[in-house]
There are 4 protein chains.
Amino acid sequence: MSVLIKNGRIVTAAADYIADIFIEGETISTIGKDLKVSADKTIDAGGKLVFPGGIDPHTHLDLPFMGTYSSDNFETGTRAALFGGTTSVIDFVIQSQGKPMQAAVEEWHKKADGNAFGDYGFHIAVTDFNPDSCAEIKDLIEYGITSFKVFMAYKGALMIDDEQMIGIMNEVRKHNGLVSVHATNGDMIDFLVKKHRAEGKLEPLYHYLSQPEITEIEASGRFIDIANYTGVACLIVHMASGGALDKVREATKRNQRIFVETCPQYLLLDASVYEKENFEAAKWVMSPPIREKKDQATLWAGLNQGLVNFVGTDHCPFFMKQKRMGEKDFTKIPNGAPGIEHRIELLYSEGVRKGRISLNKFVEITSTNAAKVFGMFPRKGCIAIGADADLIIFDPDEKHTISAKTHHHNCDYSSYEGWQVTGKCKTVLMRGQVAIENDEIKIDKGYGQFVKRGPSSLVI
Amino acid sequence: MSVLIKNGRIVTAAADYIADIFIEGETISTIGKDLKVSADKTIDAGGKLVFPGGIDPHTHLDLPFMGTYSSDNFETGTRAALFGGTTSVIDFVIQSQGKPMQAAVEEWHKKADGNAFGDYGFHIAVTDFNPDSCAEIKDLIEYGITSFKVFMAYKGALMIDDEQMIGIMNEVRKHNGLVSVHATNGDMIDFLVKKHRAEGKLEPLYHYLSQPEITEIEASGRFIDIANYTGVACLIVHMASGGALDKVREATKRNQRIFVETCPQYLLLDASVYEKENFEAAKWVMSPPIREKKDQATLWAGLNQGLVNFVGTDHCPFFMKQKRMGEKDFTKIPNGAPGIEHRIELLYSEGVRKGRISLNKFVEITSTNAAKVFGMFPRKGCIAIGADADLIIFDPDEKHTISAKTHHHNCDYSSYEGWQVTGKCKTVLMRGQVAIENDEIKIDKGYGQFVKRGPSSLVI
Amino acid sequence: MSVLIKNGRIVTAAADYIADIFIEGETISTIGKDLKVSADKTIDAGGKLVFPGGIDPHTHLDLPFMGTYSSDNFETGTRAALFGGTTSVIDFVIQSQGKPMQAAVEEWHKKADGNAFGDYGFHIAVTDFNPDSCAEIKDLIEYGITSFKVFMAYKGALMIDDEQMIGIMNEVRKHNGLVSVHATNGDMIDFLVKKHRAEGKLEPLYHYLSQPEITEIEASGRFIDIANYTGVACLIVHMASGGALDKVREATKRNQRIFVETCPQYLLLDASVYEKENFEAAKWVMSPPIREKKDQATLWAGLNQGLVNFVGTDHCPFFMKQKRMGEKDFTKIPNGAPGIEHRIELLYSEGVRKGRISLNKFVEITSTNAAKVFGMFPRKGCIAIGADADLIIFDPDEKHTISAKTHHHNCDYSSYEGWQVTGKCKTVLMRGQVAIENDEIKIDKGYGQFVKRGPSSLVI
Amino acid sequence: MSVLIKNGRIVTAAADYIADIFIEGETISTIGKDLKVSADKTIDAGGKLVFPGGIDPHTHLDLPFMGTYSSDNFETGTRAALFGGTTSVIDFVIQSQGKPMQAAVEEWHKKADGNAFGDYGFHIAVTDFNPDSCAEIKDLIEYGITSFKVFMAYKGALMIDDEQMIGIMNEVRKHNGLVSVHATNGDMIDFLVKKHRAEGKLEPLYHYLSQPEITEIEASGRFIDIANYTGVACLIVHMASGGALDKVREATKRNQRIFVETCPQYLLLDASVYEKENFEAAKWVMSPPIREKKDQATLWAGLNQGLVNFVGTDHCPFFMKQKRMGEKDFTKIPNGAPGIEHRIELLYSEGVRKGRISLNKFVEITSTNAAKVFGMFPRKGCIAIGADADLIIFDPDEKHTISAKTHHHNCDYSSYEGWQVTGKCKTVLMRGQVAIENDEIKIDKGYGQFVKRGPSSLVI
């Protein structure tokens, strides 16, 4: 199978030119002006942009959580991702406390293998660190799971303490892996949750008020301090608050490097969503919660300063009926929201078109940097000879409206219902196959493959 | 004329792959596996790295300064640059006080046009800001000179005061230009110079001791504060001190973005050079002076943090006989040193091979980021279809020794005499022409062209 | 002459107790319970507070400025001060450019000697630093003028450049004096003034808009950086902006100590005064201008953090007819406002009673710290045996209203017209003499004496 | 009983004068020149300094800890304190996990009442925070125990988690109390301890290496962040590291106020003590451990910046035979060292005489600020009418040598063995009684009384 894409404006993190791309099999074989090749399929990309396929490094598909499961599994989730130009995801395998990490990896493979449309890698969340799980780290890295997440919140479920955290960092560093963190102070949150419950404050708004900015700032600072001591490569995921970024900025003064991820919801929404009535606020119950407009401004600035490195979604959708488990008690609302499909179009429309980021930066934060940080580069994250032909052919001018009626998430609401967006992923290629065309999925379930990852190429 | 480069490992800021590059005329037309093309010339790049041609955004060629001229002119300077893989330079046109900037631009064209081997752009240093020069800014930007330098030191010669500085910023911002700065506090330096002279301290060491770190820190902070107020795109050139970078880091907290350049001498040398006897220390008399090992560490960290954006040379060579004008008084030693030829090989050998920076980062800081910041991208700074075929074919393993005996600078000493370097620019192409091959220059004087620059593509 | 003050609650920076104070001649001789002494005069202070006489370290009496003179001279100014509990002032002698400092000192003595009611010391503003004035510094310090002020604004009139500033610091440090600063960037202000004038923006509001916070932040940071290099004891006067205090806070990290003064107007008023119509805004035309409510909060916090050390007034009154010199051009409005009389009552009413500062802190910032920093301690600034009997007997509950109709400033408006104040200076003693009683002045013009000051006792 | 002290130079935090002090009963009744009174005892203090009695706010007397008891009890400890001019201590009552705080208070009263020579107050360390202990807080504050300590280290023994910490802060704030902290990250330390033990690194040096600076920096930052959220008055005790002070300095930028205590050992000693051989290093095994010379410099600067508020000792002595419990395992060495007797003389000799602090500052940090922060002011901490006649008559010139042979600690070694000290507490008065004279104790065991404390007078 070969594909020829004609006359697209090809934009990577470090190039911007008009050319043809010739794909043979799964990878790009030639790029050039007016290529004289015969292809099984030719796509006219004139007037279109061509980007590397998006990488969403933060998804929770088929996640058992808070007594239910996230409503997108690997089939529906990676399909929705492809509609939005995201060709690879990295999903979080969650260790069950008392069990080896390997067991969870196997479980996740069962969820994903044969079901995914797009490619997928795995992070692993270490929820029970002990000599046995310590011994697994080296093997997991060799296996291609090179990033280890710790939770500083969700005590009794996911949270590890600082002794475990430094232990994990110490071991991961030895094998050149990376430690990422859900950085909020679970103890503070638990105090506030109990306080609000004791006061009969049970609406979704109190989810927000139980996780004030300081809970994120403190934990981010603590993670940074401890990581600096161990020397491990480190990443703060889903940064929501400007104050947390200031901890990163302050730490640069001791020559430390910290990777940072943020998400579209933190760049584009603000906490006024929690004031919506009739339980609608539950749609945005996620952790950390969405913050203020000033935080949006700081996170956009952070992207341009190079201190926020990429944008994931933390996609973790639940139907409203699932959300309603917490109708009388916000602590029972499953945390999470859909988003995997809209990351790229939102960042283009709200970022590039509104002059907040350049086109090259857009590619960097939707694809290239995640590929580099997570050891998928240069196979992914770029448009280059031999690289996987994961590509987006993008109409920069097509306007459309985000709605639960039309999105592909397996979820009955959208976090961005009614948002007008300019720019659309028209055709998406997935390892050389046309995966999305004419608003339809063109590949089969199970086309997606596990991506064995290597060491980060951004870490020195 | 066409050239085919076979089987090189092509490394850009955002890709890393093995392929053939086919060049037709001045630009790249095709990149691919096993290209079946007929070329006028074929180069086997197997086992070699292929980088975008280097861009040195900080040169002083044929500069009238301190009663003499820098010893490399556009002919010798750009030739030396090419030997070291630098295919484009941006030289500083210096306005003469009392004269229009346009006059200086014309003068610099006379120096460069018809003489340069490599391509060249111009910055302009505004030394006399008044309503007349203010009116020139818009025209200069349209002409392709989009970066305006101010000197906060050299009072009576180059220095402008803060009122002029804010005036320049205000005007440049209106037209989407960029203001760069020599950030040292000239008044403090003048005080210390006079103090040292009064005390009979006239050796080159006192050049260093007259420009303590605080003179750079203070001026950097002032420039940043004023730039933030005006909102202009801004750049600190030749940053030498870690304390100055801390001013940048602190300013990130108010969402400000400041571009930063450093130079190989500040990354690799330390102030012990000023203790050398018999006037040898004069070789490194430059401004700002070389600082401490801790500053080196901070600047390397800054590159990886994304807060130091690229590396220029501040190439400004003088023969020892010129330096000896200050044999009895350090203030008469012409400030500057040679370096244009060795930037790329030094950064590869000391940076990449020693694990301080990644290969992609190496390309970013030697070429891509300068192209982006200075409006030469995507014509320069990348390896892409339609881009200028400015390329380095680099042997990553060849060892050689830097010496004045062998360098191509028009200068009788080297700042790095005797340094062992691993990695060598074997073949250099300049807009499609083989410029360097077998240690010989293959193009003619005058091949280099003026590069009309546009607005910065990194500035949002 | 002897005075016995019975049963007052005596409050100093480091004590708080009820006792009698016995004064013989000019100083306190005994403090105790139920003193059995015969006194020429006995004052019942039961239910009253007794404070050390206030020290206002920042006044401009009889100041030639902007083509006129401040409207309070040493007679009217120190009389108003006494009504408000301030028994000592330190006035700024201003060197005339081209003349020795000694000449200005003599001139100021002519203004003050024989005219002042209260005691007075002198700072000197160095406006023309050269080898001659450098040579005067040692003598002035020996003479009792130990604090040297520099202006970073008012170019052409008062401003010195950084070379002069470092020169002054260097010399003052040798003799253990102190350098204080008017820290605003005059060059930036001049730019904005010219810009506003060019745009026909001539109302008093543009005075404020010509001195944005950054002009104060930048200059404060520069002064701090340069002072740190020289090691001189240093003080920033009339700090108005929170951002400037942040420069002090940041500098504490390098173990630097910087003294800071603020003024009641910056603690209590905000920039909304500049929106008043019909030229009324001119009343608050001063430099730096009054800033925002957030700055008030920061300055109050700074007092409690110990980083803002004391409160002066920058008293520099002008009649409205003088202000009207600038009716058509804000740059011609004499800068300054009255305030010397209300500092203590305002800080008590707005500070102590509103819970912003403790009683001990109130004494510290109105009297003790200024005495310590400026070398008047322990003669002034405390209530102690042998110390000058400068005392305030204060009714903490008496309510009154500030008004130009009743104040003792020689000025036809008040910055605080109509403000309700709780707490009143009922009786004020000045070196053992009852100076104020029953709202009348009881001592004669000329009672005030020059205070020869020594080295700062807060500087280590 | 009455005492007349003649002609001493009386120094407080805010005064410095020569006078007589007349004491009737337990308090000062008169201060004046040449007092004509008849006294039961007259002391000639000519040529001597008179200071307020020292307050040591950090002692551990008769402390059950690590399987043994600290070797000074209230009898021997307060006696040693008096020899060194410290007339009041505040000792830490330690709640036993599972028991009410009240039980511990009663236990401590049994230790102290009838045994102490000097006065004593109590802090309480909350080691088991739950609804029951929460309910005790209000009562304890009313009872006069107004400061609540939390340990962020010693897991399983003293450490509380962040949820408990925020709970304590929240409750203490409601009742205007103060929360103090042992700020080191116990989890990190536990990790390092286990690591060192696993590696067979069991010497005292590894105590030091198990508590690197970051463990203190991180915990200090966390405590500050959480305290800021709750708004509680807060104190970091025994600060040892400059990095921890930088967290305080950074927090000043958000207008936060944090009280800080340091100790003589952190101001005067450095970590080279841990390199001493033959188990001698065990003498300085304490937590946090002693750090570097740079930290000393920072802490001295902090005192002068007003950001370090007072100096306690953390007196917690053990005999070498007790220390030897850890001869084969540093984790079994009881943590702590003697120091209560030498705080004042060391700070005078090393602080005042070496020009690091002023005399007034010396009094402030040894007495006044602790009295203010801990609600003992103005009864303690000053020399004033009606205040407790706790006084030191101090010979500023007498030289002596610190040694275990001569000290009054119940401990067979001194942390400062052989140190030459200039300045000696000659006579010490304790509530009007001569307590120390001619190197002898003159009062009886049991003279010391419990001091009921009130709210902090430094907290606004």
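# Close-up views of a predicted four-letter chain set, A to D **View 1. B:His58 is buried, with a relative accessible area of 0%.** Here buried means under 20% relative accessible area, exposed means over 50%, and partly exposed lies in between, all with a 1.4 Å probe and protein chains only. The model is predicted, so local features need pLDDT of at least 70 and side-chain atom pairs count only at pLDDT 80 or more, while totals for chains, interfaces and linings use all residues. Residues are numbered from 1 along each chain as its sequence is written, chains are lettered from A and ligands numbered from 1 in the order in which they are written, and side-chain values use heavy atoms, with hydrogens and water left out. B:His58 has its place in strand 6 (residues 54-59) of chain B; helices (H or I, at least four residues) and strands (E, at least two) are DSSP runs, numbered from the N terminus. Not counting residues up to four places away in sequence, B:His58 touches residues including B:Lys149, B:His238, B:Glu261, B:Asp314 and B:His315, where contact means heavy atoms within 4.5 Å.

**View 2. Strand 12 (residues 178-182) of chain B is largely enclosed by the rest of the structure, because 5 of its 5 residues are buried.** On one side of strand 12 of chain B lie the buried residues B:Leu178, B:Ser180 and B:His182, and on the other lie B:Val179 and B:Val181, also buried, so that both faces are covered. Strand 12 of chain B pairs in the parallel sense with strand 11 (residues 147-151) of chain B over 5 bridges, and two strands are said to pair if DSSP finds at least two bridges between them. The chain passes from strand 11 of chain B through helix 4 of chain B to strand 12 of chain B in a right-handed β-α-β crossover, a term used if, with the strands pointing away from the viewer, the path from the first strand over the helix to the second runs clockwise. Strand 12 of chain B also runs parallel to strand 13 (residues 233-236) of chain B, to which 4 bridges join it. B:Val181 has B:Ile236 as its bridge partner in strand 13 of chain B, and B:Val150 stands opposite B:Val181.

**View 3. Helix 5 (residues 186-198) of chain C has 13 residues.** From its first C-alpha to its last, helix 5 of chain C reaches 18 Å, close to the expected 18 Å, which is 1.5 Å times one less than the number of residues. At the N-terminal end, C:Asn185 caps helix 5 of chain C, with a side-chain oxygen 3.0 Å from the backbone nitrogen of C:Asp187. The buried residues of this helix, among them C:Met188, C:Phe191 and C:Leu192, pack against helix 4 (162-174) and helix 7 (213-230) of chain B together with helix 6 (205-209) and helix 7 (213-230) of chain C. Just after helix 5 of chain C, C:Gly200 takes a positive phi of about 75 degrees.

**View 4. Chain D holds an open sheet of 8 strands in the order 6-9-10-11-12-13-14-15, with parallel pairing.** The edge strands of this sheet are strand 6 (54-59) and strand 15 (310-311) of chain D, each of which pairs on one side only. Within the sheet, D:Leu178 stands opposite D:Ala233 in strand 13 of chain D.

**View 5. Chain A is superposed on chain B by a rotation of 180 degrees with 0.0 Å of shift along its axis (RMSD 0.0 Å).** That is the relation of a two-fold axis; the copies are superposed by least squares on the C-alpha atoms of residues with pLDDT of at least 70 in both. The copies meet through the same surface, because 100% of the interface residues of chain A are also interface residues in chain B.

Conventions
Polar contact = N/O pair within 3.5 Å; in protein donor to acceptor, adjacent residues only side chain to side chain.
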